[in-house]
Amino acid sequence: MGVEIAVEGLGKSFGPQTVWRDVSLTLPPGEVSVLLGPSGTGKSVFLKCLVGLLRPEHGSILIDGVDLVGCKERQRYELRKLFGVLFQDGALFGSMTLFDNVAFPLREHTRYRESKIRRIVFEKMEMVGLTGAEDKLPGEISGGMRKRAGLARALVLDPEIILCDEPDSGLDPVRTAYLSQLLIDLNAQIDATILIVTHNINVARTVPDNLGMIFRKELVLFGPREILLTSTEPVVAQFLNGLRHGPIGMSEEKDQATLEAERARYGDGAELPEIVPQLEPSPGLPVRDAVRRRKDRLVQSLHTLAPAAQQNVLSSLTEHEMARYGLRRSTRAGGVL
Amino acid sequence: MNLSPVPAMRQVGSLFALGLEVFRLMWRRPFQFRELVQQFWFVASVSILPSALVSIPFGAVIGLQLGSLTTQIGAESFNGAASVLAVIQQASPIVTTLIIAGAGGSAICADLGSRTIREEIDAMEVLGVSAVQRLVVPRVLAAMLVAVLLNGMVSVVGVAGGYFFNVIMQGGTPGAYLASFSALAQLPDLWVSELKALMFGFLAGVVAAYRGLHPRGGPKGVGDSVNQSVVITFLLLFFVNGVVTAVYLQLVPAKGM
């Protein structure tokens with residue numbers, strides 16, 4: 001099973017400029033999480049802090065019980081072997097062919113024979129649909145292919161944690177859908193903890209078990225997908241609907257006067273889009289253990305959720321599960337006993 | 001304009017930190033032998049010809065200058081002695097490193113810089129591979145090795161250039177020129193010359209790598225970094241050369257005549 005990442009009170013600033021402060025969240029082991037946020041809110045910075053490329057000024061990041069912020073350099077390199085990271089542009093090594101790129105982690109960290117390396121690399125290349133492009137250089141292929149090759153390289157050591165920085169940017173909607181499916185399938189197969197940083201609403205609505213959002217230098221909220229998808233926060237509504245009116249402005253946030261004017265014109269906040277069902281693993285793959293674990297967790301803390309989220313959680317449970325958790329479906333919509 | 005010394009000191013500190021890190025990781029396995037050979041070949045191939053071409057006029061100028069001076073005081077027979085000393089102890093390590101910093105170091109800096117802005121270095125770090133150990137150490141070692149070896153060649157070519165201009169152009173005596181070789185120069189001069197080359201090679205490599213790993217924003221930043229790395233290396237070079245020469249002259253007394 002994947003590894004839990006517990007972030008506590010994290011704060012990062014570049015000189016006088018604060019990127020975000022006091023971010024606390026726990027990525028449950030083996031589950032898929034998405035972090036949303038408008039452009040320029042420091043999502044990528046957050047990701048880089050998680051892998052120890054940037055050093056946050058405050059707080060701690062516990063990975064498998066080890067604090068990444070305070071630990072020794074050698075420990076950090078060991079911890080990083082747990083990670084598979086997909087960078088925005090793939091970050092392939094420009095002087096190596098795709099094959100060598102994907103084989104790089106194996107050659108550095110394992111003593112496998114070349115035949116075994118070839119087998120693993122071809123398997124991962126096939127997984128991301130790049131069979132036949134092994135001998136190309138990163139400069140000779142499209143951005144989408146680079147991204148997929150970057151994913152293959154991230155997966156080659158069977159990581160416990162997969163971090164994706166905007167896996168959808170530069171990809172067409174169809175390929176984005178394939179990639180989303182691939183991540184879910186991966187989760188079903190190797191039960192890795194996955195964090196996706198994106199501003200693609202579609203990915204956010206269909207892929208994750210947990211959703212979070214960064215805005216105004218703070219984590220607005222983070223929790224099971226039902227919470228954010230039913231949230232009454234104006235920011236969330238604006239973001240999920242992709243609207244102009246709301247707290248998010250073109251450059252930064254809006255001032256009070258503009259907000260008042262907008263409220264007069266458009267009324268109070270937009271309706272949230274309906275919650276769509278989560279992606280299922282492809283047929284033939286095992287059931288995702290994460291789903292069961294998450295439901296266990298959710299049902300236990302059900303009473304702490306807002307009514308809308310509660311209702312949503314309940315409607316996602318089958319009769320069988322309701323019985324297992326000892327819940328009854330009340331006649332009133334959303335009522336629980 | 002910000003004139004606070006803190007950012008400048010921070011840069012110096014990080015440069016030193018990288019130097020120490022390189023030295024520390026030099027001895028740690030796995031050793032990147034393949035990368036070292038590639039980089040060695042690259043640095044050597046871009047610096048052999050230019051340094052040979054530069055060292056000929058260098059030796060020649062020293063030879064010509066000395067030639068006209070020594071004739072005035074009637075010490076023609078010491079032409080060779082002075083020219084060998086100047087070439088081996090001073091000119092050769094400096095020429096070698098100027099070329100290595102200018103030709104090899106700039107290429108190393110540009111290479112690492114473009115890798116940094118393309119996030120390749122980040123990606124490597126995330127894959128659990130130390131970029132300093134994997135990329136910087138072989139490059140610095142290559143620069144050091146090439147500097148030491150090239151230093152020998154530059155000395156020979158420089159002395160030969162001096163010989164040619166002194167004997168052929170100024171009509172000096174070949175026998176006297178050769179015979180006076182060891183009148184002033186001694187073996188420690190050669191050692192200190194090689195030691196200087198080794199140190200300068202290390203400096204050139206570390207400065208190039210440091211600027212390459214910290215470019216300021218975008219492709220333009222990489223260009224600036226390359227420029228800075230060459231300039232910084234040159235400045236450091238002459239400073240360190242002054243220190244080493246002063247210390248050397250104190251430790252090893254000049255040969256009496």
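Biologist: How far apart do the end C-alpha atoms of residues 5–241 of chain A lie?

Modeller: This is a predicted model. UniProt, in an unreviewed entry, lists residues 5–241 of chain A as "domain: ABC transporter". The span is 39% helix and 26% strand. Its end C-alpha atoms lie apart by 30 Å.

Biologist: Which radius of gyration does chain A have, and what would a compact globule have?

Modeller: Chain A holds 13 helices and 10 strands. Its C-alpha trace spans about 65 × 55 × 40 Å along the principal axes. For 337 residues, a compact globule would come out near 20 Å, so the value for chain A agrees: 21 Å.

Biologist: Are α3(A) and α5(A) roughly parallel or antiparallel?

Modeller: Helix α3 (residues 98–109) of chain A packs against helix α5 (residues 143–155) of chain A, axes 7 Å apart. The angle is about 30 degrees. Angles under 35 degrees count as roughly parallel. The two helices are therefore roughly parallel.

Biologist: Which residues of α5(A) meet α3(A)?

Modeller: The crossing of this pair is right-handed. From α3(A) come A:L98, A:N101, A:V102, A:F104 and A:P105. The contact residues divide into 6 nonpolar, 1 polar and 1 charged. On the α5(A) side they are A:A149, A:A152 and A:R153.

Biologist: Which element gives the largest share of the side of chain A that touches chain B?

Modeller: The contact takes 16 residues from chain A and 11 residues from chain B. On the chain A side, α2 (73–80), β6 (83–86) and α3 each give two or more residues. That side divides into 10 nonpolar, 2 polar and 4 charged residues. The largest share, 4 residues, comes from α3(A).

Biologist: How is α3(B) oriented to α9(B), roughly parallel or roughly antiparallel?

Modeller: Helix α3 (residues 79–117) of chain B and helix α9 (residues 218–251) of chain B have axes that come within 9 Å. They cross at roughly 150 degrees. Angles over 145 count as roughly antiparallel. So α3(B) and α9(B) are roughly antiparallel.

Biologist: How many nonpolar, polar and charged residues make the contact of α3(B) with α9(B)?

Modeller: This crossing is right-handed. Residues of α3(B) in the contact include B:G102, B:G105, B:S106 and B:G113. Those of α9(B) include B:V222, B:S225, B:S229 and B:T233. The contact divides into 12 nonpolar, 11 polar and no charged.

Methods: Residues numbered from 1 in each chain as written. Chains lettered and ligands numbered in written order. Predicted model: local features only at pLDDT ≥ 70, side-chain atom pairs only at ≥ 80, totals over all residues. Axes fitted to C-alpha atoms, helices over the stretch in contact; angles between N-to-C directions. Parallel < 35°, antiparallel > 145°, perpendicular 65-115°, else oblique. Left-handed = near helix turned anticlockwise from the far one by under 90°. Contact = placed C-beta atoms within 7 Å. Nonpolar A, V, L, I, M, F, W, Y, C, P; charged D, E, K, R; others polar. UniProt positions renumbered as here; feature names shortened; annotations may be inferred. Rg over C-alpha atoms; globule rule 2.2 N^0.38 Å.
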